[in-house]
Amino acid sequence: MQKIKIAISSCLIGNQVRYDGGHKRSKYCLDVMSDWFEYQPICPEMGIGMPSPRPPIHLVSINDDIRVQQVDDHAIDVTADLKDYAKRTLSKIRDISGYIVIRNSPSCGMERVRVYHENGNPTNLSSQGAYIGELMQLRPELPVEEEGRLQDPKLRENFITRVFAYDEWNRTVVKQPELKNLVAFHSRYKYLIMAHSYKAYRELGQLVANDGSKSIPKLISDYEALLMQSLRKIASSKSHTNVLYHIFGYLKKNLSSEAKQEIINVIEQYRSGIVTLITPITLVNHYLKQFGSDYIQNQAYLNPHPIELGLRNYL
Ligand code: SF4
């Protein structure tokens with residue numbers, strides 16, 4: 001399988017680009033995820049010409065604005081340079097399907113980066129890093145996550161699900177923008193979307209049904225925005241249970257009463273938090289291989305990412 005390209009804060013892959021001349025090598029990104037992802041390292045501070053080591057910068061609240069300034073000399077302000085670098089980076093990252101950043105960086109931090117007063121004391125405000133904040137506005141559909149948050153199994157599974165979905169979306173629809181490809185994508189992703197948001201599942205279905213009022217490019221861009229926004233929502237055990245029962249509905253007529261009861265028991269054990277999601281999914285997949293139609297076997301929900309990543313093994 002071809003690796004999926006994702007961008008990453010350069011210090012996370014061990015490059016010595018930090019203000020102190022060091023790095024923040026991420027064991028998880030490099031040792032666990034690198035079998036599936038090809039990393040494109042980006043350091044915006046080096047990108048705007050800052051050396052390593054360099055004097056540190058931080059976020060400063062000035063009137064209603066948040067600026068990025070050198071800690072020991074607020075006359076040095078790199079806000080505009082970092083935002084401009086985000087715009088210039090866009091053309092270099094057209095083919096990426098995700099972005100992993102480091103937390104609490106005034107350039108790369110995705111959220112909750114500390115903000116200081118002009119006198120250097122901390123405020124009770126927090127914000128995004130200037131570079132990544134600008135980039136996320138320019139490409140709102142791009143899955144972005146902080147490396148530290150990937151330690152949380154639910155956030156990790158959510159991010160990697162989005163990356164794989166977005167990669168497939170780009171390969172199968174954006175690069176071949178035809179209605180039939182959009183319909184095929186939606187048909188394969190129905191239950192995955194339903195697990196994240198029932199409302200989005202209905203709205204995306206209505207979009208695909210296209211009443212003819214939208215051009216294909218507009219339809220595709222509206223679908224993409226709603227798809228990626230809905231997948232950001234963490235799928236709850238209640239919604240997974242709902243989807244599992246929907247899929248079970250495709251099997252019922254071919255199963256013995258013992259097999260039906262076995263599946264129901266395992267779904268209920270999952271609902272009660274006794275077993276992890278991978279348990280009912282494995283059992284359902286087993287019966288689908290024997291009795292499932294192509295349509296249901298092809299559902300992205302059943303295998304949204306490689307099983308080796310072990311992402312559905314949490315309670
Ligand atoms: S700017 Fe970003 S990539 Fe560069 S050192 Fe800081 S956190 Fe790492």
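## Helix pairs, sheet and ligand shell

Helix H6 and helix H8 are roughly parallel to each other, because an angle under 35 degrees counts as roughly parallel and their axes cross at roughly 20°. The model described here is predicted. H6 covers residues 179-196 and H8 covers residues 216-231, and the two axes come within 11 Å. The crossing of this pair is left-handed. On the H6 side the contact is made by Leu-179, Leu-182, Phe-185, His-186, Ile-193 and His-196, which meet Ile-216, Leu-219, Tyr-223, Leu-227, Ser-230 and Leu-231 of H8. Sorted by class, the contact of H6 with H8 holds nine nonpolar and three polar residues, with no charged residues.

H10 passes H11 in a left-handed crossing. From H10, the residues Ala-259, Glu-262, Ile-263, Val-266, Ile-267 and Tyr-270 meet Thr-279, Pro-280, Leu-283, Val-284 and Tyr-287 of H11. The contact of H10 with H11 divides into nine nonpolar residues, one polar and one charged.

The table sets out the axis values for both pairs.

| Helix pair | Axes come within | Crossing angle |
|---|---|---|
| H6 (residues 179-196) and H8 (residues 216-231) | 11 Å | roughly 20° |

### Sheet and hairpin

An open sheet is built from four strands in the order S2-S1-S6-S9, with parallel pairing. The edges are taken by S2 (37-42) and S9 (144-146); each has a single partner strand, so one side of each is left without a neighbour in the sheet. On average, neighbouring strands of this sheet are turned by 25° against each other, direction ignored. Within the sheet, strand S1 (residues 4-9) runs parallel to strand S6 (residues 99-101) and is joined to it by two bridges. Ile-8 has Ile-100 in S6 as its bridge partner. Helix H4, residues 130-138, lies across S2, S6 and S9 and runs at about 160° to S6.

Antiparallel pairing is found between strand S7 (residues 113-116) and strand S8 (residues 122-127), over three bridges. In this pairing Tyr-116 stands opposite Pro-122 of S8. S7 and S8 form a hairpin with five residues between them, and Gly-120 in the turn has a positive phi of about 95°.

### Ligand shell

Which residues are closest to the ligand? They are Cys-11, Cys-43, Glu-45, Ile-102 and Cys-108, out of 14 residues that surround the ligand. By class, the shell around the ligand has seven nonpolar, four polar and three charged residues.

### Backbone details in two loops

Where does Pro-53 lie? Pro-53 is in the loop between helix H2 (44-47) and strand S3 (57-62). The peptide bond that joins Ser-52 and Pro-53 is cis, with omega at about 0°.

Asn-63 belongs to the loop between S3 and strand S4 (65-70). The phi of Asn-63 is near 50°, which is a positive value in a residue other than glycine.

How values were computed: Residues are numbered from 1 along each chain as its sequence is written. This is a predicted model: local features need pLDDT of at least 70, side-chain atom pairs count only at pLDDT 80 or more; totals for chains, interfaces and linings use all residues. Side-chain values use heavy atoms; hydrogens and water are left out. Two strands pair if DSSP finds at least two bridges between them. Axes are lines fitted to C-alpha atoms, for helices over the stretch in contact, and angles run from 0 to 180 degrees between N-to-C directions. Contact means heavy atoms within 4.5 Å. Angles under 35 degrees count as roughly parallel, over 145 as roughly antiparallel, 65 to 115 as roughly perpendicular and the rest as oblique. A crossing is left-handed if the near helix is turned anticlockwise from the far one by less than a right angle, and right-handed if clockwise. Ala, Val, Leu, Ile, Met, Phe, Trp, Tyr, Cys and Pro count as nonpolar, Asp, Glu, Lys and Arg as charged, and the others, Gly among them, as polar. A residue is near a molecule or strand if one of its heavy atoms lies within 4 Å of it.
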